[in-house]
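Subject: Structure for you to look at

Hello,

Here is the structure I promised to pass on. Please open it first, then read my notes below.

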Amino acid sequence: MTATTSLTVALALVAFAALYAARAWGPERLRLKDRTGAVAESVGLLTLFVLSRTFVGWAGVSVLLWVAAVALAAVGAAGVVLRFAAMPAWRTRRRRWLRGARLVVAALVCGTVLALAASSY
Amino acid sequence: MTRNTTLPRVVAAVTAAVVLTVGLTTLPPSPHLQPHTSGDAALARAVERTARDQGALDRVALAYVDLEDGPDGTVTTGFGADDDTEFEIGSLTKTFTGNLLQVAVERGEVTPDQTLGSVLTELAGTPAGGVTLETLSNHTSGLPGAPVEMLPSLYVAVTTNRDPYEASLDELLAMAGRQELVSPGRYVYSNLGMSLLGHALARVAGTTYVDLLQDRMLDPLGMTSTRVVLEDADLDDPTTGWSASGIAQQPWSLAAFAPAGGIRSTVGDMARYVRALLDGTAPGAAAMDPHLEGELGAVAYAWLVLEQDDAPTLTLHNGQTGGFASYLALDRAGGRGAVVLSNTASQLPDVAVGLVENGYDR
């Protein structure tokens with residue numbers, strides 16, 4: 001993996017952590033709408049952290065990016081916990097099958113990444 | 001404030017604290033070339049910038065040998081490493097296997113044009129069985145780099161920072177028997193071919209590759225800190241290797257592929273090897289003599305011989321595993337040689353070749 005690729009992935013990690021925090025605390029139109037989405041996005045961010053830790057070299061990238069991403073994730077996680085009880089399980093019944101399919105695909109991708117990461121230690 | 005509003009806030013704060021704690025205790029490693037810690041300071045100064053520019057992270061150890069300087073002509077230095085720090089030398093192992101072929105020829109145990117199948121009888125009648133020991137030594141047998149059926153698992157193992165070569169000797173032979181030859185006579189760098197050569201030489205001698213290497217190369221050279229460990233589980237506290245971008249790698253032992261890259265050594269031992277190669281006392285040193293038909297300098301047993309217009313002819317080989325790189329270069333006519341070992345999978349050719357061609361200011 002080149003230094004450019006490593007930097008790109010590290011910046012993506014920070015961006016997704018910032019988005020996660022914004023969806024936990026930000027304005028209504030950005031906010032997480034249901035528990036399913038909250039769990040899915042939390043697992044997705046965790047997977048991105050694992051991917052960045054396991055398959056990205058940080059020799060040419062400042063670890064401050066990692067620290068920033070962790071801080072944003074912590075802020076986001078606190079917001080999700082605070083709002084979790086008030087959220088519905090599913091935000092709507094419309095096009096439920098499509099969302100379900102997307103979640104299954106996402107789960108498979110996350111599962112694969114986490115399994116590969118586990119096998120590399 | 002009621003209990004109903006306090007509890008969620010406490011849980012949220014605890015969650016944030018857990019995320020912070022876990023995140024900050026799992027900071028990704030960010031290795032950088034360590035400062036000069038052992039050996040000759042002038043040699044360290046001469047190579048530090050080149051090593052850094054070519055991507056060395058963490059540890060580097062190197063040796064420079066100049067026969068003109070007599071017994072004092074072996075100089076070593078290290079960055080975060082000393083003469084006893086162990087490195088995976090990767091495909092530099094092939095030079096030992098090439099020399100073992102020369103030794104076996106000199107002892108009359110094999111002939112260069114003997115077929116592999118006449119030694120490893122399991123392969124008789126297969127395409128692999130028909131190739132000669134000589135063509136295995138300079139990668140012109142036509143055997144692929146690795147068994148084709150290994151490629152998917154090899155890719156996954158490399159992606160997940162693991163040793164991709166875990167086949168036993170029986171499995172290696174079974175896979176070899178199923179291979180088709182690709183462009184025999186042309187240069188195709190083959191870990192499979194070199195591994196088979198090593199095991200064939202051991203079979204003829206009635207021993208294993210590890211014991212053959214020990215008896216005919218390591219013991220005569222006094223390389224007491226050099227070893228082959230066939231099982232990853234048998235390694236105790238190995239030096240951590242890093243990918244070129246700084247990802248920690250699991251050690252490579254290479255199992256049955258050891259004759260192609262399984263040696264672990266120190267710069268102290270490799271300096272002895274370089275010196276013995278230059279003064280001709282290394283077992284099988286004639287393996288380096290160019291005497292084969294081959295492309296890209298592959299005209300000797302395992303060694304590459306590069307003729308240059310305005311610089312000395314170089315006899316060399318390099319090596320790389322998931323987390324280590326090595327480079328050995330010799331100017332045999334000039335009596336100068338260098339070897340560089342690094343625990344980063346990033347080649348340092350300019351360090352070794354630069355020393356051999358230009359020496360350094362002492």
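A cut-off first: a residue counts as buried if 20 or more other C-beta atoms lie within 10 Å of its own. Please also keep in mind that this is a predicted model.

**Leu100(B) and its helix**

Is Leu100(B) buried or exposed? Leu100(B) has 27 C-beta neighbours inside 10 Å, so it counts as buried. This leucine lies in helix α3 of chain B. Leaving out residues up to four places away in sequence, Leu100(B) touches Gly198(B), Leu201(B), Leu212(B), Leu213(B), Arg216(B), Met217(B) and Gly284(B). Ala42(B) is another matter: Leu100(B) and Ala42(B) are 58 residues apart in sequence, and their C-alpha atoms are 36 Å apart in space.

The helix itself covers residues 93-106 of chain B. Of the 14 residues of α3(B), 13 are buried, so the rest of the structure largely encloses this helix. At 1.5 Å a residue, α3(B) should span 20 Å, and its end C-alpha atoms are 20 Å apart, which agrees. After α3(B) comes Gly108(B), with a positive phi near 80°.

Most residues other than glycine have a negative phi. Two residues in chain B are worth a look on that score.

- Asp58(B) has a positive phi, near 70°, and is not a glycine. The residue is found in the loop between α2 (41-53) and β2 (60-66) of chain B. Asp58(B) has 22 C-beta neighbours inside 10 Å, so it counts as buried.
- His139(B) also has a positive phi, near 60°, and is not a glycine. This histidine lies in the loop between α5 (133-137) and α6 (151-159) of chain B. His139(B) is buried, with 24 other C-beta atoms within 10 Å.

**Chain A**

Chain A has 4 helices and 0 strands. Along the sequence the pattern is α-α-α-α. The C-alpha trace of chain A spans about 45 × 30 × 20 Å along its principal axes. Chain A has 121 residues, and 29% of them count as buried. Take the contacts in chain A between residues at least 6 apart in sequence: 89% join residues at least 24 apart.

How do α1(A) and α3(A) pack? Their axes are 8 Å apart, at an angle of about 20°. An angle under 35 degrees counts as roughly parallel, so α1(A) is roughly parallel to α3(A). The crossing of α1(A) past α3(A) is left-handed. On the α1(A) side, the residues making the contact include Leu11(A), Val14(A), Ala18(A) and Trp25(A). On the α3(A) side they include Leu65(A), Leu72(A), Gly76(A) and Arg83(A). By class, the residues of this contact are 17 nonpolar, 2 polar and 1 charged.

**Where the chains meet**

How many residues of chain A are in contact with chain B? There are 25, and they contact 27 residues of chain B. On the chain A side, α1 (3-25), α2 (35-55), α3 (64-84) and α4 (96-119) each supply at least two residues. The helix that gives the most is α3(A), with 10 residues. The side of chain A that touches chain B has 18 nonpolar, 6 polar and 1 charged residues.

Over to you.

Notes
Residues are numbered from 1 along each chain as its sequence is written. Chains are lettered from A and ligands numbered from 1 in the order in which they are written. This is a predicted model: local features need pLDDT of at least 70, side-chain atom pairs count only at pLDDT 80 or more; totals for chains, interfaces and linings use all residues. A residue is buried if 20 or more other C-beta atoms lie within 10 Å of its own, exposed if 12 or fewer, and partly exposed in between; C-beta atoms are placed from the backbone. Two residues are in contact if their C-beta atoms, placed from the backbone, lie within 7 Å. Ala, Val, Leu, Ile, Met, Phe, Trp, Tyr, Cys and Pro count as nonpolar, Asp, Glu, Lys and Arg as charged, and the others, Gly among them, as polar. Axes are lines fitted to C-alpha atoms, for helices over the stretch in contact, and angles run from 0 to 180 degrees between N-to-C directions. Angles under 35 degrees count as roughly parallel, over 145 as roughly antiparallel, 65 to 115 as roughly perpendicular and the rest as oblique. A crossing is left-handed if the near helix is turned anticlockwise from the far one by less than a right angle, and right-handed if clockwise. The expected span of a helix is 1.5 Å times one less than its number of residues.
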